[in-house]
Amino acid sequence: MQRVAVLGATGSIGGSALDVIARHPGVMRASILAAGRNVAALVALCATHRPAHAVIGDEAALPALRDGLREAGCATRAHAGDAALAALVAGDDCDTVVAAIVGAAGLESTLAAARAGKRLLLANKESLVLAGELLMQAARAGGATIVPIDSEHNAIFQCLHGRDADARVRRVTLTASGGPFRGRSRAELAGVTPAQAVAHPKWSMGPKISVDSATLMNKGLELIEARHLFGLPEDRLEVLVHPQSLVHSLVEFIDGSVLAQLGLPDMRTALAVGLGWPQRLESGVGALDLATQGPLEFGPPDLETFPCLRLAREALRAGGTAPATLNAANEVAVSAFLQGRIGFLSIAALVEDALAAIAVEPAASLEALRGIDARARRHAERAIATGAIR
Ligand code: NAD
Ligand code: MG
C-alpha cells in the first residue's frame with residue numbers, strides 16, 4: 001500500500017491527485033492531507049479520504065480543525081504550521097509526497113520530503129526556482145526520486161525515461177499555450193482585469209499560476225525548473241508557443257530524433273505518471289482524438305509583449321540568487337494584481353525593478369536564499385506602497 005501525503009490538498013493539483021489516488025483503492029491511499037487556511041474544505045476532504053493526519057498552515061486554525069474533524073466523525077489527527085508539516089512529511093506515515101502548495105511557502109515541506117528520500121511528485125515549481133540547487137542536492141543525498149508534476153517537465157521526464165539529459169540531448173523545447181492574452185499587443189494589456197487573466201483557455205488551475213501563464217512568467221519559471229530537474233544548460237532550453245496544449249514538450253537528440261509527449265490538458269495524467277512510475281496507471285483522463293482536434297500550431301513567443309519570459313531567462317543566465325529575487329518579486333506582484341492594487345503590466349515592471357536593485361550573490365545556503373527572498377519581497381512591496389510602480 002502506497003501512502004501518499006497530498007500537500008495543497010484543497011487546491012487544483014491537490015484535487016486532481018486525490019481523484020487519481022481514489023481510483024486505486026487497495027494499492028494507494030492518502031495518508032496525510034495539508035492545506036493553507038480553508039478548514040472547512042480540508043475537513044470535507046478528510047471525511048472522504050480518511051487520512052491519518054491533517055495539517056492546516058495557519059496555526060490559529062488548529063482548534064477549528066480539531067473540532068471540525070470531531071464533528072465529521074473522523075479519526076484523523078489535527079496538526080498546524082510549517083514545522084509540523086515538515087516533520088510529518090519526513091516521518092513514517094507516507095512514502096510519496098505530492099508537493100502542491102503554491103509559492104515559496106512550499107519550500108520547507110518540499111525540502112523535507114527530498115531529504116527524507118521520499119518519492120517526490122513536485123508541482124511546487126517555486127521551490128525549485130528559489131532553491132533549485134539545494135533541493136536537487138537534498139534529493140540526491142536523501143535518495144529521493146523526483147517526478148515533475150508540471151505538464152511540460154513531466155513530458156520531458158517521460159521522453160528521457162526518468163534520466164538526466166546527458167550529451168545525447170541536443171535541446172529541450174518547452175511548449176507554452178501562450179495564455180489568455182496570446183496575440184494581443186502591450187497597449188491592449190494595460191487594462192486587463194484579474195478575472196480576464198485567470199480565465200485560461202486550456203488549463204483549469206489555481207489563481208497564481210493562471211496569472212503567471214497570462215504574463216508568460218510561468219514559462220520563465222519552467223525554464224529555471226527544467227535547468228535544475230534535467231541538468232540542462234540555459235542555451236539548450238527553448239520555448240515554443242503551441243495554443244492547442246496537446247504536445248506537452250519535446251526532446252531533440254543529437255541524431256535528429258525528436259520525442260514528444262502528447263495528451264489532453266489534464267494534470268491527472270502527470271499525477272498518474274508520478275504515482276505509478278515506472279508502471280502506468282489509469283488516471284481518468286480520456287482518449288486524445290487527433291482526427292477531431294484540428295490542426296496543431298506552433299510559433300515563437302512574443303518577448304516584447306510578455307517581458308517576464310525574457311526576465312526569467314536573464315535571471316537563469318545570471319544564476320546565484322537572481323532566480324530567488326525574480327520569484328519573490330513575482331509572487332508579491334501577482335498577489336497585488338489579484339487584489340486590484342496594481343495593473344497587469346506592473347507585474348513585469350516590479351520584477352525588472354527588483355532584479356535591477358538587488359545584487360546577485362552566490363546561492364550559497366538556504367539562509368542566504370531566504371534572506372534574498374525576504375529582501376525582494378520588501379523591495380517590491382515598497383515599490384507598490386510608494387506608488388513608484390503602479
Ligand atoms: P491552488 O491555488 O489551486 O492551490 C494551492 C494549495 O496550496 C491550496 O491547497 C492551499 O491551501 C495550499 N497552501 C497555500 N499556502 C499554504 C501554506 N502556507 N501552507 C500549506 N498549504 C498552503 O494552486 P495550484 O494550481 O494547485 O498550484 C499548486 C502548485 O502547483 C503551484 O506551485 C503551481 O505552480 C504548480 N502547478 C500547478 C498546475 C495546475 O495545473 N494547477 C500545473 C503545474 C504546476
Ligand atoms: Mg506547466
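H2 passes H3 in a right-handed crossing, meaning that the near helix is turned clockwise from the far one by less than a right angle. Helices here are DSSP runs of H or I with at least four residues, strands are E runs of at least two, and both are numbered from the N terminus. The axes of H2 (residues 39-49) and H3 (residues 62-71) come within 9 Å and cross at roughly 35 degrees. Val39, Ala40, Leu42, Val43 and Cys46 of H2 meet Ala64, Leu65, Gly68 and Leu69 of H3; contact requires C-beta atoms, placed from the backbone, within 7 Å. Eight of these residues are nonpolar, one is polar and none is charged, with Gly counted as polar.

This is a predicted model, where local features need pLDDT of at least 70, side-chain atom pairs count only at pLDDT 80 or more, and totals for chains, interfaces and linings use all residues. Residues are numbered from 1 along each chain as its sequence is written, while chains are lettered from A and ligands numbered from 1 in the order written.

Next, Ile21, in helix H1. Why is Ile21 called buried? Because 24 other C-beta atoms lie within 10 Å, and the cut-off is 20 or more. Beyond its neighbours within four places in sequence, Ile21 is in contact with Val4, Met28, Arg29 and Ala30.

Last, ligand 1. There are 28 residues around ligand 1, with Gly8, Gly11, Gly36, Gly57 and Gly206 coming nearest; the criterion is a C-beta atom, placed from the backbone, within 6 Å.

Terms used: A residue is buried if 20 or more other C-beta atoms lie within 10 Å of its own, exposed if 12 or fewer, and partly exposed in between; C-beta atoms are placed from the backbone. Two residues are in contact if their C-beta atoms, placed from the backbone, lie within 7 Å. Axes are lines fitted to C-alpha atoms, for helices over the stretch in contact, and angles run from 0 to 180 degrees between N-to-C directions.
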